[in-house]
Amino acid sequence: MSDFEKKILEFKNRLNSTQDSKEIEAIRIDIFSKNGFINSQFKKLGSLSENEKKTFASNINKAKQELLEIFRSKATEVLDKDLNEKIKKEKIDVTLPEKEFKIGKIHPVSQVIDEISCIFSEIGFSVEEGPDVENDYNNFTALNTPEDHPAKDMHDTFYLDENMKTLLRTHTSPVQVRTMLKGKPPFKIIAPGRTYRSDSDQTHTPMFHQLEGLHIDKNINMGHLKGCLNYFIKEFFEVDKIKMRFRPSHFPFTEPSAEVDIGYKIENNKIIIGEGDKWLEILGCGMVHPNVLKNCKVDPKIYQGFAFGIGIDRLAMLKYGINDLRSFFECDYRWLNYYGFDPLDVPTNYRGLSK
Amino acid sequence: MKFTKDWLDVHLKTNKSESQIIQKLNSIGLEVEKVEPVKNELSDFIVAKIIKANKHPNADRLKLCDVDIGKKDTLKVVCGAPNARDGLLTIYAPPGSVIPKNSMKLEVSKIRGETSYGMLCSESELKLSNESEGIIDLNDKYKTKIGKSFFGEKKGKNVIELSITPNRPDCLGVRGIARDLSASNFGKLKEPRKSKVKKNIKHNLKIKIEKNKNQACSIFGSCIIKNIKNTESPGWLKNRILALGLRPISAVVDITNYVMFDLNRPLHAYDLDKIKNKITVRNSKKGESFKALDNKNYTLDKDMCVIADDEGVLGLGGIIGGERSGTEIHTKNILLESAYFDPTLIRKTAKKLDLNSDAKFRFERGVDPQSVTAGLESAVELILEICGGEVSKLDVQQTKKFKDLEINFDPKMVTKTVGTNINANEIKKILSNLGFTIKSKGKFLNVKVPSWRPDIFGEIDLVEEVIRIIGFEKIKSIEPEKKRTKPTLNFFQKHFHLAQRSVASKGYLETITWSFTDEKINNKFKEKLESIKIVNPISSDLNVLRNSLYPNLIFYLEKNLNRGFGDQALFEIGPTFTGKKPGQQITVVCGIKKQFIEEDNNLKKNDLVDVFHIKKDLVQSLTELEIRKEDFKVEENTPSYYHPGISGSIVSKDGNLVLGYFGALHPKIISNTFGFEIFLENLVEYKVKNKKIKESLTFSDYQKSDRDFAFLVNKDTRAQDLTEVIQNIDKNLIKEIKIFDVYEGENIPSDKKSIALKVTIQSDHKTLNESDLTNISKKIVSTVEEKTGAKLRS
């Protein structure tokens with residue numbers, strides 16, 4: 001065995017016997033580095049004859065290949081072993097709490113307003129708004145509710161001045177007045193918003209939310225009103241059919257006026273809308289009174305149409321099984337978390353209103 | 001309005017059942033609110049159980065009992081009976097009930113210093129026997145009946161309670177209800193009975209309606225009845241009075257009440273012998289006073305309508321009678337009044353005096369002016385029948401003529417309004433059954449409105465009459481068209497919507513709080529604004545409109561803290577008010593964040609909320625609303641409710657619009673709490689003014705280089721001032737400036753700090769070489785040094 005062969009064997013043994021990554025690196029330097037064994041052998045070639053050169057060069061190359069293979073497999077083996085040991089030590093308790101991620105919530109009333117807007121958008125209504133503070137004229141007089149009329153008793157009004165001329169709107173109907181006064185017919189709007197009555201008990205809060213609807217055009221009649229509300233209620237409760245009943249009633253600003261009840265039943269303590277033989281009053285509506293149109297500079301001989309008012313909080317309670325109206329405004333952390341909606345859960349026409 | 005089926009039968013011949021009638025009433029606009037078994041005089045007495053008979057603290061022979069009457073809470077009742085003991089089942093009489101033995105009306109009273117809510121009864125008190133030793137001792141059978149009426153309620157007879165809308169005073173009388181039902185094919189309205197009473201004696205009391213400005217009374221009808229024997233009402237009348245929820249008093253009073261509910265015709269009976277000389281209907285003088293039948297003294301203003309005699313005020317016309325001339329059980333001679341008063345004036349007077357009565361309720365809604373004599377006749381008939389006596393001729397003083405309104409009505413209006421074809425004959429039939437008189441005039445109908453319908457003014461009112469009787473279910477529903485010609489939301493509303501969801505997605509829970517708040521808290525946030533007071537607040541701690549969203553948010557944040565929720569982020573989007581005129585309000589998004597420091601939670605130590613968290617939330621939401629960093633600058637002026645050193649404002653680049661504030665709230669208001677506000681109108685205005693079209697995206701693929709600088713600056717120098725100066729050196733080459741360290745302390749003078757920043761330099765056109773980069777770096781250093789007084793740290 002030549003020195004060369006001895007040396008090769010030695011390297012092989014070194015490689016085979018080690019399990020240490022530092023030793024592997026040392027061997028690598030010894031064999032393959034610039035001043036390593038292989039290169040030093042190649043340097044010898046210059047002093048050899050052509051024939052010897054050829055043989056020796058091929059020997060070196062062969063040995064290099066051989067060593068390289070052993071080295072690679074050994075290196076992999078050792079690195080794997082090291083990594084495995086490291087991984088073994090890295091075991092953690094994954095049941096420890098994750099980093100907190102806080103996503104907020106949208107209040108059910110806001111969610112329901114978006115749902116409603118979505119439904120009415122589909123049939124061509126646009127959203128209008130008006131101020132929370134109103135004058136007596138827009139809130140009552142223009143809406144055909146005369147001064148000192150018992151109909152005013154139904155509204156326990158908050159006043160901002162002793163003369164009772166400025167007030168917190170008791171309903172969203174003044175938005176009708178504002179919309180008609182600033183534009184030209186046809187009108188097709190909904191107006192959601194805060195409304196105020198000085199009333200506070202189990203089922204009343206001094207502030208609540210209403211949705212006003214108004215559709216005025218040349219030939220809008222009560223058939224359209226019925227169709228519109230029927231469509232809305234069905235879409236809103238996401239049911240195929242709905243039981244609805246129109247009862248004559250009285251509001252100064254509509255004539256004929258109606259209150260609308262929907263059929264429901266209670267099953268397993270849950271309210272089911274659209275079935276059963278119980279009735280629940282959910283909204284007031286009617287054909288806009290000609291006096292209101294006149295007050296709003298719309299000619300009742302040419303134009304007519306309907307208006308309606310719905311309690312938004314009430315709708316939210318029914319749809320999402322919330323029992324207590326007052327809880328809407330109490331800001332209880334648990335309640336907001338439980339009944340609130342994911343901000344990404346935006347009601348849309350194509351995906352559907354609710355998840 | 002309450003009535004019973006048998007009362008209805010007086011006016012309506014019908015074969016419909018009570019339940020059919022109830023259903024019909026609902027469908028023609030007379031909403032049935034309640035159907036309850038008829039109460040009689042004894043239904044008040046209920047089975048009760050003494051839970052505990054305690055010794056009365058101030059009287060040896062009395063006991064203070066805790067009594068279970070089937071409600072949630074027990075009541076305290078003082079009882080003197082020797083047999084009152086724990087667990088005894090007995091009979092309880094509530095306050096307001098009348099004890100049969102002595103006709104005494106019970107009231108809540110104090111007995112030897114202890115309040116007694118009602119009474120426990122003996123058999124003799126209930127006229128069951130003469131047994132008066134001790135209270136009734138019921139056997140165990142009654143255990144399950146606690147809370148129920150001892151005498152039971154008569155089965156099958158119900159009181160029907162309607163909620164009558166303010167436009168329908170005619171249905172505040174049973175006859176009006178009967179008329180509506182008959183028009184709905186539910187029977188035939190009976191003709192009123194013709195009075196056969198002979199009116200022989202002379203009406204010798206002078207009555208005059210004075211000509212006053214705004215005289216509320218325009219008709220005053222009356223008659224005198226002499227030699228009556230006022231008595232307890234007969235059973236049928238008592239039952240009707242009880243059905244109304246009233247208490248029978250005497251035949252004369254019960255009859256006037258009966259006629260009021262029967263015909264919607266309020267009457268008043270005076271004791272004739274107590275009237276001095278004559279009756280004058282006149283306006284009151286300021287300061288006049290009288291004692292009314294409700295036992296209260298009223299001092300009147302100027303110009304309230306009073307019925308007076310020579311001695312002074314007898315009663316308030318149309319509202320309440322006076323005690324001085326009231327009838328009593330031994331009254332012999334009476335004057336019966338049936339008058340008409342103006343609705344508005346009645347209402348004004350009653351409102352001023354805060355007085356409510358059944359008569360006032362009717363007059364302010366409108367009583368039929370033509371029912372004056374019918375009302376008198378009806379009452380006279382009953383009084384003579386029950387009390388005997390002789391009656392005078394009727395005297396009717398009238399100062400105003402009432403003419404029935406006539407409406408020229410196009411019957412096609414009905415079809416045009418409801419959208420379903422209704423033929424003219426049906427319209428005519430319904431209207432005439434409701435009491436309208438109709439003459440055809442070509443295509444039109446001349447419709448004369450009956451005097452009992454003050455709510456009918458024009459054609460549309462007639463349309464409503466027709467359709468409510470036909471039934472809304474007959475209207476064919478028309479499917480809505482799915483067509484949109486206008487965008488649903490306007491530019492502002494879109495931003496409202498986006499802002500709401502943007503802030504929620506940063507971990508804030510949306511709340512909705514009152515638009516009003518406690519003035520005391522609001523004062524800390526109103527800055528220069530005036531308090532906007534509510535004249536009649538629901539409670540004294542909700543007495544002003546809010547000038548800021550913070551007061552309520554902080555209030556509820558603290559409530560949640562008390563509930564044990566330490567980490568919280570709440571927000572609201574809604575109005576705050578800048579004045580009390582309509583429209584003086586702005587839309588604010590306000591978020592508030594509080595972190596509960598858990599001393600022992602090492603896992604959370606690196607996650608503490610500071611002002612830069614709240615700034616991050618705000619800036620990110622602004623970015624989502626497309627107000628980018630280059631569109632605004634940060635300034636230090638903030639309202640006084642923020643910590644003056646740890647808060648900032650976000651203003652438009654030109655400095656004209658405040659888009660928002662952020663910072664720590666002032667520690668005097670609440671500690672360790674951060675918040676932000678966004679002023680939505682300002683934001684939208686800014687966006688409208690600076691409408692930018694999104695440029696198409698270009699980016700450079702040439703080599704970019706970072707250069708780090710550390711400048712030594714005065715302590716009050718703001719990082720923004722440095723970055724702005726650097727940015728302005730070359731907007732094309734300087735792509736990004738990142739502050740990576742702020743240092744104060746060792747090796748630095750005490751009035752200085754060091755700000756370290758990394759500037760990213762890149763050209764869009766070429767790869768910059770070393771000398772380009774050196775040049776720009778030098779320029780950065782020299783410009784910053786020159787403009788801000790900073791020194792490069794070496």
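User: In which loop of chain B is B:Glu527 found?

Analyst: In this predicted model, B:Glu527 is found in the loop between helix H13 (519-522) and strand E32 (532-533) of chain B. The residue has a positive phi of about 50° although it is not a glycine.

User: Why is B:Glu527 called exposed?

Analyst: B:Glu527 has 11 other C-beta atoms within 10 Å. A residue is exposed if 12 or fewer lie within that distance, so B:Glu527 is counted as exposed.

User: What makes B:Asn747 exposed, and where is B:Asn747 found?

Analyst: B:Asn747 is found in the loop between strand E41 (734-743) and strand E42 (752-761) of chain B. For B:Asn747 the count is 7 other C-beta atoms within 10 Å. The cut-off for an exposed residue is 12 or fewer, and B:Asn747 is therefore exposed. B:Asn747 also has a positive phi, of about 70°, although it is not a glycine.

User: Why is B:Thr373 called partly exposed?

Analyst: B:Thr373 has 15 C-beta neighbours inside 10 Å. A residue needs 20 or more to be buried and 12 or fewer to be exposed. The value of 15 lies in between, so B:Thr373 counts as partly exposed.

User: Where does B:Thr373 lie, and which residues is B:Thr373 in contact with, leaving aside its neighbours within four places in sequence?

Analyst: B:Thr373 lies in helix H8 (residues 372-387) of chain B. Leaving aside neighbours within four places in sequence, its contacts are B:Gly221, B:Leu394 and B:Val396. The C-alpha atoms of B:Thr373 and B:Ser222 are separated by 8.3 Å, and these two residues are 151 residues apart along the chain.

User: What makes strand E27 and strand E28 of chain B stand at the edges?

Analyst: The order of the open sheet of three strands is E27-E29-E28 (chain B), with antiparallel pairing. Strand E27 (406-409) and strand E28 (437-441) each have a single partner strand, so one side of each is left without a neighbour in the sheet. From one strand to the next, the twist averages 20°.

User: What makes strand E5 and strand E6 of chain B a pair, and what do E5(B) and E6(B) form?

Analyst: Strand E5 (residues 63-68) and strand E6 (residues 75-79) of chain B share five bridges in the antiparallel sense; at least two are needed for a pair. B:Leu64 stands opposite B:Val78 in E6(B). E5(B) and E6(B) form a hairpin with six residues between them, and B:Gly70 in the turn has a positive phi of about 85°.

User: Why is chain A called more spread out than a compact globule?

Analyst: Chain A contains eleven helices and ten strands. Its radius of gyration is 41 Å, whereas the globule rule gives 20 Å for 355 residues. The value is well over that of the rule, so chain A is more spread out than a compact globule. The C-alpha trace of chain A spans about 125 × 45 × 45 Å along its principal axes. Of the 355 residues in chain A, 41% are buried.

User: Which residues of helix H10 of chain A are buried, and what do they pack against?

Analyst: In helix H10 (residues 312-320) of chain A, the buried residues are A:Ile312, A:Asp313, A:Arg314, A:Leu315, A:Ala316 and A:Met317. The elements of chain A that they pack against include helix H5 (108-122), strand E4 (187-196) and strand E10 (304-311). Just after H10(A), A:Gly321 takes a positive phi of about 60°.

User: Which peptide bond of A:Pro186 is cis, and where is the place of A:Pro186?

Analyst: The cis peptide bond joins A:Pro185 and A:Pro186, with omega about 0°. A:Pro186 has its place in the loop between helix H7 (174-182) and E4 of chain A. A cis peptide bond also joins A:Glu255 and A:Pro256, with omega about -10°; A:Pro256 is found in strand E7 of chain A.

User: How many residues of chain A are in contact with chain B, and which element supplies the largest share?

Analyst: In chain A, 67 residues are in contact with 75 residues of chain B. The largest share of the side of chain A that touches chain B is eight residues, from H8(A). The residues of this side divide into 32 nonpolar, 22 polar and 13 charged.

Definitions and conventions. Residues are numbered from 1 along each chain as its sequence is written. Chains are lettered from A and ligands numbered from 1 in the order in which they are written. This is a predicted model: local features need pLDDT of at least 70, side-chain atom pairs count only at pLDDT 80 or more; totals for chains, interfaces and linings use all residues. Helices (H or I, at least four residues) and strands (E, at least two) are DSSP runs, numbered from the N terminus. Two residues are in contact if their C-beta atoms, placed from the backbone, lie within 7 Å. Ala, Val, Leu, Ile, Met, Phe, Trp, Tyr, Cys and Pro count as nonpolar, Asp, Glu, Lys and Arg as charged, and the others, Gly among them, as polar. Axes are lines fitted to C-alpha atoms, for helices over the stretch in contact, and angles run from 0 to 180 degrees between N-to-C directions. The radius of gyration is taken over C-alpha atoms; the globule rule is 2.2 Å times the number of residues to the power 0.38.
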